[in-house]
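The following exercises are to be worked with the sequence and the three-dimensional structure at hand.

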There are 2 protein chains.
Amino acid sequence: MNGYAADGKSESKVDLVIVGAGPAGLVLAAWASRCNLKYRHIDDKLQRIENGRADALHPRTMEIMQSFGLAEFILKDACPIREIASWNPKRDDEEVIERTGRCSIHDETLGRYPQVGLQQGMIEQVLLDFLKHDGGHDVEWNTTPTLCEVIEPKGDEDIEYPVMMQLGRADEEEYSNCTNGTASASKHHEIVRAKYVVGADGAHSWVRRNFRIEMEGEKTDANFGVMDIIPITNFPDVRISCTIHSHKGSIMTVPREHRLMRFYVQLPESERSPEGVRHPSMDLPDILNAAKGILRPYDLDFKICSWSSNYTIGQRIAKTFSIKNRIFLVGDAVHTHSPTMGVGMNVSMQDSYNLGWKLGMVLQGAANSDILATYSDERRPVATKLIELDKKMSNFYREGPSENAYQYENFRAEFSAFLAGSSITYGTNDLVAPIKKPTERSSHQHQTNGDCSSKQDIHSKSYLATGVSTGQRIPPQELENQADGLTWNLQDIIPSDGHWNLLVFSGAVTGKETMTRLNTLSDKITSSKILGNKNQSSNGLQLRTILIHSSQREGIEYHDFPTAFRPYDDEKGYDYWTIFTSCLKIKKGNPEDDGDAYQRLKIDSSRGCLMLCRPDQHVAMICDLEDVAMVESFLERLVRKTIDA
Amino acid sequence: MNGYAADGKSESKVDLVIVGAGPAGLVLAAWASRCNLKYRHIDDKLQRIENGRADALHPRTMEIMQSFGLAEFILKDACPIREIASWNPKRDDEEVIERTGRCSIHDETLGRYPQVGLQQGMIEQVLLDFLKHDGGHDVEWNTTPTLCEVIEPKGDEDIEYPVMMQLGRADEEEYSNCTNGTASASKHHEIVRAKYVVGADGAHSWVRRNFRIEMEGEKTDANFGVMDIIPITNFPDVRISCTIHSHKGSIMTVPREHRLMRFYVQLPESERSPEGVRHPSMDLPDILNAAKGILRPYDLDFKICSWSSNYTIGQRIAKTFSIKNRIFLVGDAVHTHSPTMGVGMNVSMQDSYNLGWKLGMVLQGAANSDILATYSDERRPVATKLIELDKKMSNFYREGPSENAYQYENFRAEFSAFLAGSSITYGTNDLVAPIKKPTERSSHQHQTNGDCSSKQDIHSKSYLATGVSTGQRIPPQELENQADGLTWNLQDIIPSDGHWNLLVFSGAVTGKETMTRLNTLSDKITSSKILGNKNQSSNGLQLRTILIHSSQREGIEYHDFPTAFRPYDDEKGYDYWTIFTSCLKIKKGNPEDDGDAYQRLKIDSSRGCLMLCRPDQHVAMICDLEDVAMVESFLERLVRKTIDA
């Protein structure tokens, strides 16, 4: 512990320190706030970024923002991207480009939101506003770790706050001398002891370097410039996202807020020689000139440029995503790549979205810290896939007008599901039950009185709802509330508040048989220590039960349903937002598209199912209405203390 | 001018004083802010109301809120009301009630928003936030007029600020002695001279009483209690708006934010005798007890009540809505009635919405003050209709279980168009052109080179777009932007910013003939002093031109359109938000419903039309693409100074 110096201040203790307040750090903070964690949030910048950087949010990331109630604030300023135009050299005059295709990227099966373009700083502001409103902690700007280590316990010793961290702040002089917005922070030290640390501190992560975690992969010689301008041009697709290939190089564009357009422009490659690598000139005039050449026969100029930069393409991934399950790295700190797919910020935010609620459960005592290993298990494969696809996509822009460029729609089809983020499916682990195929008995005799599985045999009957995979996020579905008749989206009923959600798909409830099954289920839930205790079990696990039937709302009354589905509060009466029907009165267009949750999820409404969803809306387990004991076993395993029988 | 005392302060001058900061006053302020008027806004309360009062916004009022960009802030907390359940005595056991009908009030032809329930204070807050963000002036709370008069000019004298007003503020002692939240403000006087004053100061309007304007009409003996509670009940429709009749009285309910429910409960009638009128006890326990009796066999109780009040039904309307075109009265100051229709706040806000932009035009010098007379011409008939319908509706609740109560859906059909507010159509006046029927010549030979009407003969060819009436607000329509392919609502393209809007419905643009007509139109617009000067004529009139064609977007490029439809700015390049198509790529459900503006507006796409819309989105004139001179004449008449030829 040499070198620590507290600058006169006493040592403080917190559950969690989040290093970095970019989009990934802020999503982590959103969870920390929602889970009421005692945390600190530091960033070495003086304030959030003002211009430039990342600017694309994909459908699943929009759903994540909405899970904190924030989609509307993004959509207010963002540019939806529903179409990508592809441009290539004219077949009969290769000196000029022409539009060769229009590719619709509006695919409702991938999510309820479009891809949108919005400057990173505005996305950060939406999250900062959320934290303020939600009672989260302020970001401590101009604060950086200067020392950090994980204290090893001696023998059986239990160290409650094993992470020792020294924080520093730069003074004015240091700041005025620094050129890149961050200073060395050699003064004003403070010591913090934490249970966990998350490094969301970007590609040059201090946390990663401090723990000497290597990045694997390398840079290429391909260079790109990027500029956010209000273009003055006669190019017709200047408000459409474009992929443009010419014999002078390639361009990718993203329409943005306030008349801005983002241009990614291919620049000359770096030259390697025995003397070393020589990079081309990559100033803003170089970027504009390169763009002018590529866009011929169209003109391009601008008076207003809000940001420009440049980069050399490379793909790298960290050797490990965590140290001793105490230090975790998310986002650019563990995966860097080209911005060409426009998905980096999304994968980074999704890393945090995956990790945050798990830290919440562990710190609230609702789960054993073993579950934290699932972060790396679940997110490392996504990062690996990202790196692999980024190599393909950056080559696509590097290699000139290829057959893929002329057939862009087909080429993009390889990427679209990954980009949307909604197809990501986590494998079996502590938080995702193993999938079991149907047996003769289980597929026909579901209406047993007891449970068809022993406590040891935990598994997911994926075959009961084949429209979603176990491990995948539950898709958005329109439902109608039993009590008020209003339309709700299923995802909005299970927001990011730390609750697990037990969705009861009962099928039609007008028949006596289903009501008998629901009564039995209600009794089991009510008497369960882990499921029945007013949304919070004695072990700190929070769980909400939602009933989704498939009968017309008019055929049954709210008070006809068993008590477990009608939570009652002495002050506020009944909770009318727990019973829904998939049978919408106000149907939109084709009911098979989004009007009927049973059809979309492929649930047999004569059998129904239970679907246990994690706090991040991913499906942990699918089983029969009679399998309550299996759900209990699954959740009990996560809980630190043994439940009293 | 006796009695004025400025308390040591100097006299100040403003364009406009708005008295009252309830919903009507705030909508007036929203216009004043958008039109950059020099105004002051006073209210005798210490702050906005916190609880209770009005709580319903109808479709047109929601559109008005959206015209200032505010619908999302209302919808965030509000309860949409899509269904009204009617309850009546059971036919075979008249002591208890049963549900006798469900009436859908979701009618897309009446607007794009549902009716919603939200507490008045929260609606006021949305408008206060808008004013802050828009750079409007703060409301001066605890400020009330104490003297006011309109100075008469002597002979030809032109008095620029003819309204003399003395303002007073109450001190702490006065406030602490007052019981109803307003004090007598006998001290701290200040003198203001204004061009105009708007009294939006409610049923007990100081402004109205100061000018001795009488209210006509009277009170009945019918009493109602009102309470906002979180009900604890087994009544199944407690989250649905209900109309309930029993032999013990009647109830109307409105579902609200934060689990609240508004109950209007019929109480015993007042008793008249030679000694005077005796009112029944109307405290909260009386209201609850009356409600319990009416709701049998269901239970009702509460722990939380945010507000309660009571009222005696009456309907009254002011003899005049303005004094010398200098003092205007809006909202409850000129029409009071029962809250039973839930439309009072809406009509009040719509009064202000009608008046505000007219004051803006006059004060900006873009129109002669004569146009202000249209305020009373347009709004008085609406208030008269309101009073007439309110008598019917309050009798419906007063008279017990009538046949109308059992046939509620049919009964409500008489009111629905008026309640929605979107059917209101203003008659011919300075701001609405007279309607002319088609002649043989005009209906067949529209493609003349010159104009088919002389400047004197201003009229609206309503027959060119029979889906909307001249004088009615243009209905919402989904359109696709030519440049970015995104879906926009027509109403969002013509927001409340003081601009008149010339909508050019050109029909299909792929043929050569239409392009020739558009080129001619473009030349005429560009060379027009009043239409062509970059959205602001030399006379201060602001006008925006929007082209809405009916061809597929892919068949034509943005730059193919004539220059008048592609405004260009030296810094920001082209304005890509002026050309749209009604032919949507992303069609919803049935295209005839809302997918095609031409079908909905009943415009013949082979002929097209020009549609001139006022700043409040009401249609002023419909004419042929060749009738530019008639549009010019119409607007020239409004402008104060004669345009140089």
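Two residues are in contact if their C-beta atoms, placed from the backbone, lie within 7 Å. The structure is a predicted model.

**Exercise 1. Helices α8 and α9 of chain B**

Determine how the axes of α8(B) and α9(B) are oriented, and list the residues through which these helices meet.

Solution. 
Step 1. Helix α8 of chain B spans residues 344–363 and helix α9 of chain B spans residues 373–398; their axes come within 10 Å and cross at roughly 175°.
Step 2. Angles over 145 degrees count as roughly antiparallel. The crossing therefore makes α8(B) roughly antiparallel to α9(B).
Step 3. On the side of α8(B), the contact residues are Val347(B), Asp351(B), Asn354(B), Leu355(B) and Lys358(B). Facing them in α9(B) are Thr374(B), Tyr375(B), Glu378(B), Arg379(B), Val382(B), Ala383(B) and Leu386(B).
Step 4. By class, this contact holds six nonpolar, two polar and four charged residues.

**Exercise 2. Two helix pairs of chain A**

Classify the crossing of α9(A) with α11(A), and then that of α2(A) with α8(A).

Solution. 
Step 1. The axes of α9 (residues 373–398) and α11 (residues 408–420) of chain A come within 11 Å and cross at roughly 150°. The two helices are therefore roughly antiparallel to each other, and the crossing of α9(A) and α11(A) is left-handed.
Step 2. Helix α9(A) contributes Lys385(A), Leu389(A), Met393(A) and Phe396(A), while α11(A) contributes Phe411(A), Phe415(A) and Phe418(A). The residues of this contact are six nonpolar, no polar and one charged.
Step 3. For α2 (residues 59–67) and α8 (residues 344–363) of chain A, the axes come within 10 Å and cross at roughly 45°. Helices α2(A) and α8(A) are therefore oblique to each other; the crossing of α2(A) and α8(A) is left-handed.
Step 4. The contact is formed by Arg60(A), Thr61(A) and Ile64(A) of α2(A) with Asn346(A), Met349(A), Gln350(A) and Tyr353(A) of α8(A). It comprises three nonpolar, three polar and one charged residues.

**Exercise 3. The relation between the chains**

Solution. 
Step 1. Chain B is superposed on chain A by a rotation of 180° with 0.0 Å of shift along its axis, at an RMSD of 0.0 Å. The two copies are thus related as by a two-fold rotation axis.
Step 2. The same surface serves both copies, as 100% of the contact residues of chain B recur in chain A.
Step 3. In the interface, 33 residues of chain B are in contact with 33 residues of chain A. The elements of chain B that give two or more residues to this side are β11 (215–233) and β17 (300–318). The largest share, four residues, comes from β11(B).
Step 4. The side of chain B that touches chain A has 13 nonpolar, seven polar and 13 charged residues.

**Exercise 4. Backbone and burial**

Locate Gln617(A) and Lys324(B), and decide for each whether it is buried or exposed.

Solution. 
Step 1. Gln617(A) has a positive phi of about 70° although it is not a glycine, and is found in the loop between β28 (609–613) and β29 (619–623) of chain A.
Step 2. Gln617(A) is buried, because 22 other C-beta atoms lie within 10 Å.
Step 3. His499(A), in the loop between α13 (490–493) and β23 (500–507) of chain A, also counts as buried, with 20 C-beta neighbours inside 10 Å. His499(A) and Gln617(A) are 118 residues apart in sequence and 9.8 Å apart in space, C-alpha to C-alpha.
Step 4. Lys324(B) likewise has a positive phi, of about 55°, although it is not a glycine. Lys324(B) lies in the loop between β18 (322–323) and β19 (327–329) of chain B, and counts as exposed because it has 10 C-beta neighbours inside 10 Å.

Methods. Residues are numbered from 1 along each chain as its sequence is written. Chains are lettered from A and ligands numbered from 1 in the order in which they are written. This is a predicted model: local features need pLDDT of at least 70, side-chain atom pairs count only at pLDDT 80 or more; totals for chains, interfaces and linings use all residues. Copies are superposed by least squares on the C-alpha atoms of residues with pLDDT of at least 70 in both. Ala, Val, Leu, Ile, Met, Phe, Trp, Tyr, Cys and Pro count as nonpolar, Asp, Glu, Lys and Arg as charged, and the others, Gly among them, as polar. Axes are lines fitted to C-alpha atoms, for helices over the stretch in contact, and angles run from 0 to 180 degrees between N-to-C directions. Angles under 35 degrees count as roughly parallel, over 145 as roughly antiparallel, 65 to 115 as roughly perpendicular and the rest as oblique. A crossing is left-handed if the near helix is turned anticlockwise from the far one by less than a right angle, and right-handed if clockwise. A residue is buried if 20 or more other C-beta atoms lie within 10 Å of its own, exposed if 12 or fewer, and partly exposed in between; C-beta atoms are placed from the backbone.
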